[in-house]
Each structure stands twice: as C-alpha cells, then as structure tokens.
Amino acid sequence: MVRALYPGSFDPVTRGHLDLVHRARALFGSVTVAVARNSGKNPIFTVEERIELLQQELPDDVAVVGFSELVVEFCKREGFGVVLRGLRNVGDFEFEYQMALTNRHLRPEIETVFVMPSHAYSYVSSSLIKDVVRYGGDVSSFVTPRVEAAMRAKLARQG
Ligand code: ADP
C-alpha cells in the first residue's frame with residue numbers, strides 16, 4: 001500500500017487542492033495533507049487554522065498534519081513513499097521539476113507524483129484568491145463557503 005504525502009502552504013485550501021486530494025485517493029492507499037510550518041509566504045492563516053480548515057473540508061480518511069522539516073525527511077521518518085504535488089499549468093512546471101529532482105537527490109527512494117486538477121481549477125491559486133477577497137470580489141467558485149467566510153472574518157479583523 002503506497003502512502004502519499006501532499007505537502008504545501010494551503011493558505012487557504014482551495015477547490016483545486018480538494019480536487020487533487022479527491023483524485024489522489026483513487027490512486028494511493030492513503031493520502032495525508034501536510035501543512036508547511038516554515039513557508040515564507042506571508043500567510044493570513046496560522047498553521048493551526050489552515051489544518052482545521054483542511055480537516056473540515058476533507059473526508060475523514062484523509063489525515064492533516066503540520067511539519068517543519070525537509071519534506072523527504074518527513075516522508076522517510078513517517079513511512080510515506082510518494083510526495084504528491086499538483087501541476088496546474090506550464091508555469092508550475094519549472095519550479096516543481098527542480099524541487100522533484102532535488103528531493104530525488106536527497107532521498108532517491110521517495111517518488112514525486114504529479115496530478116493535474118480539473119481544468120476549472122487550473123488557474124486557481126491561494127495567493128490570487130486572497131487578493132480577490134481583500135478587494136471584495138466573489139471567490140465562491142474557488143473556495144468552499146466555509147473557507148470564504150473564514151477569509152472574510154480574518155481580513156476584516158486585520159483591517
Ligand atoms: P506551495 O507553497 O507548496 O506551493 P500551495 O498550497 O500553494 O503550496 O500548493 C500546494 C500544492 O498544491 C502544489 O503542488 C501546488 O502546485 C498544488 N496546487 C495549488 N493550487 C492548486 C490547484 N488549483 N489545483 C491543483 N493543485 C494545486
């Protein structure tokens with residue numbers, strides 16, 4: 001049984017991320033989502049808040065964890081054989097290619113597997129969604145109602 005780890009920032013989880021997990025559940029024995037604690041992307045949600053939103057949106061058989069080390073070292077220690085990543089468009093490719101080969105150099109036994117989301121989500125990114133919400137736009141096609149409400153509450157508090 002191959003266990004897959006899906007690492008990322010998930011600030012916040014989008015319908016694209018959910019689509020990817022849904023597809024991956026059909027491919028692997030289990031899928032675990034891992035929220036990076038050391039992502040330098042100026043997040044709006046804390047890691048704990050991101051984990052909670054993911055748990056609320058994902059089926060019960062998908063575990064959600066935080067991590068703060070190299071992805072492949074975490075995989076090795078916790079018994080994951082696959083790093084799952086999403087490939088939305090050619091823009092993702094360059095960076096994902098570098099990261100996959102670097103991870104292979106570090107831990108050759110761990111394979112990176114790319115899955116493409118539905119084309120409806122191929123241009124959806126957490127960072128763009130944050131900008132749209134900040135300026136009052138409708139993001140209901142890109143995130144769930146719960147995530148949209150959490151973003152509005154958070155941004156209202158931040159002023
Ligand atoms: P990171 O900071 O690692 O890029 P993200 O949360 O932005 O974290 O993305 C995590 C993973 O999910 C990456 O592999 C990314 O390509 C993928 N991803 C992001 N948005 C989407 C989407 N709309 N559809 C499918 N995969 C996505």
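Which residue in β3 is the bridge partner of A36? The points below take this up, starting with the basis of the model.

1. **Basis.** This is a predicted model, in which local features need pLDDT of at least 70, side-chain atom pairs count only at pLDDT 80 or more, and totals for chains, interfaces and linings use all residues. Residues are numbered from 1 along each chain as its sequence is written, and side-chain values use heavy atoms, with hydrogens and water left out.

2. **β2 and β3.** The partner of A36 is F67, in β3. Strands β2 and β3 (residues 63-67) run parallel and are joined by 5 bridges. Strands count as paired if DSSP finds at least two bridges between them. Helices (H or I, at least four residues) and strands (E, at least two) are DSSP runs, numbered from the N terminus.

3. **β1 and β2.** Strand β1 (residues 3-8) is parallel to β2, with 6 bridges between them. A4 stands opposite V31 of β2. With helix α1 (residues 15-25), β1 and β2 form a right-handed β-α-β unit. Right-handed means that, with the strands pointing away from the viewer, the path from the first strand over the helix to the second runs clockwise.

4. **Burial of β2.** All 7 of the 7 residues of β2 (residues 30-36) are buried, so the strand is largely enclosed by the rest of the structure. Buried means under 20% relative accessible area, exposed over 50%, partly exposed in between (1.4 Å probe, protein chains only). Both faces are covered: S30, T32, A34 and A36 lie on one side, V31, V33 and V35 on the other.

5. **G137.** This residue sits in the loop between α5 (126-134) and α6 (145-158). G137 is partly exposed, at 21% relative accessibility. Neighbours within four places in sequence aside, G137 contacts V132 and R152 (heavy atoms within 4.5 Å).
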